[in-house]
Amino acid sequence: MDLKQFKRKAARKQEELTAFLKKLDTTVPRGFSRIVAEEDAEVWKETDCTTCANCCKTMTPVFTKADIKRIATHLRMTPKAFADKWLIREEDTGSIVNKEQPCQFLIDDKCSIYEVRPRDCAEFPHHYKKPFDLYNDTFIQNVSRCPATFNLIERLKKRVEAEYEW
């Protein structure tokens with residue numbers, strides 16, 4: 001994965017894909033969930049997250065109490081020691097997140113705690129959420145960070161514009 005090339009392409013298409021997603025806030029084509037499922041399946045045939053890890057490099061997950069306890073146990077630490085070492089509470093949202101980016105558990109573009117990673121990481125990039133169009137703000141945020149999301153939204157836009165009066 002050439003992240004520099006992806007970032008340039010995403011920057012060029014950001015406005016266009018954002019406009020498409022915003023339009024989905026008010027106009028959802030009939031059968032859209034089926035289209036999302038079909039296109040998402042195709043995207044994942046072409047996507048290998050282990051060649052990218054841009055999410056881990058540029059974003060932080062929100063850690064739940066269950067995440068903290070599970071990861072701390074895995075690392076043979078107390079939840080407090082784990083939180084004190086690596087996490088902060090965001091002032092504006094109150095969310096518990098990594099102190100720094102890239103993620104401290106990213107080693108050679110691989111998650112060193114993959115089997116116990118935060119739920120937010122396990123669910124990323126959130127394509128499965130339903131109805132899909134209720135998460136357009138999430139996809140707008142991720143389209144420039146996640147090649148899978150970028151490819152999905154680009155494919156959805158092309159397909160909707162070809163198959164529907166849009």
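**Helix packing and backbone features**

Colleague: At roughly what angle do the axes of helix α2 (residues 32–45) and α8 cross?
Modeller: This is a predicted model. In it, the axes of α2 and α8 come within 9 Å. They cross at roughly 135 degrees.

Colleague: Are α2 and α8 parallel, perpendicular or oblique to each other?
Modeller: The crossing angle is roughly 135 degrees. Roughly perpendicular covers 65 to 115 degrees, and roughly antiparallel needs over 145. The pair α2 and α8 is therefore oblique.

Colleague: Is the crossing of α2 and α8 left-handed or right-handed?
Modeller: The residues in contact include Ile35, Glu39 and Val43 of α2 and Leu152, Arg155 and Arg159 of α8. By class, this contact has nine nonpolar, one polar and eight charged residues. The way α2 passes α8 is right-handed.

Colleague: Which side chain makes a polar contact with the side chain of Arg159?
Modeller: Arg159 lies in helix α8. Leaving out residues up to four places away in sequence, Arg159 touches Arg34, Ile35, Glu38 and Glu39. The polar contact, at 3.0 Å, is with the side chain of Glu39.

Colleague: Is Arg159 buried or exposed?
Modeller: Its relative accessible area is 15%. Buried means under 20%. Arg159 is therefore buried.

Colleague: How many charged residues does the contact of α1 with α8 have?
Modeller: Helix α1 (residues 3–24) and helix α8 (residues 147–163) pack at an angle of about 45 degrees, with axes 10 Å apart. Among the residues in contact are Phe6, Lys9 and Leu17 of α1 and Phe150, Glu154 and Val160 of α8. By class, the contact has 10 nonpolar and no polar residues, while the charged ones number five.

Colleague: Is the crossing of α1 and α8 left-handed or right-handed?
Modeller: At about 45 degrees, α1 and α8 are oblique to each other. Their crossing is left-handed.

Colleague: Which residue does a cis peptide bond join to Phe124?
Modeller: The loop between α6 (119–123) and α7 (136–142) holds this residue. The peptide bond from Lys130 to Pro131 is also cis, with omega near -10 degrees, and Pro131 is in the loop between α6 and α7. For the bond from Phe124, omega is about 10 degrees, and the residue joined is Pro125.

Colleague: Is Ala53 buried or exposed?
Modeller: Ala53 lies in the loop between α2 and α3 (54–58). Though not a glycine, Ala53 has a positive phi of about 60 degrees. With a relative accessibility of 6%, Ala53 counts as buried.

Colleague: What is the relative accessible area of Arg76?
Modeller: Arg76 is in the loop between α4 (65–74) and α5 (79–86). Its phi is positive, near 60 degrees. Arg76 is exposed, and its relative accessible area is 80%.

Technical notes. Residues numbered from 1 in each chain as written. Predicted model: local features only at pLDDT ≥ 70, side-chain atom pairs only at ≥ 80, totals over all residues. Heavy atoms only, no water. Axes fitted to C-alpha atoms, helices over the stretch in contact; angles between N-to-C directions. Helix = DSSP H or I, 4+ residues; strand = E, 2+ residues; numbered from the N terminus. Parallel < 35°, antiparallel > 145°, perpendicular 65-115°, else oblique. Left-handed = near helix turned anticlockwise from the far one by under 90°. Contact = heavy atoms within 4.5 Å. Nonpolar A, V, L, I, M, F, W, Y, C, P; charged D, E, K, R; others polar. Buried < 20%, exposed > 50% of the residue type's maximum accessible area, 1.4 Å probe, protein only. Polar contact = N/O pair within 3.5 Å; in protein donor to acceptor, adjacent residues only side chain to side chain.
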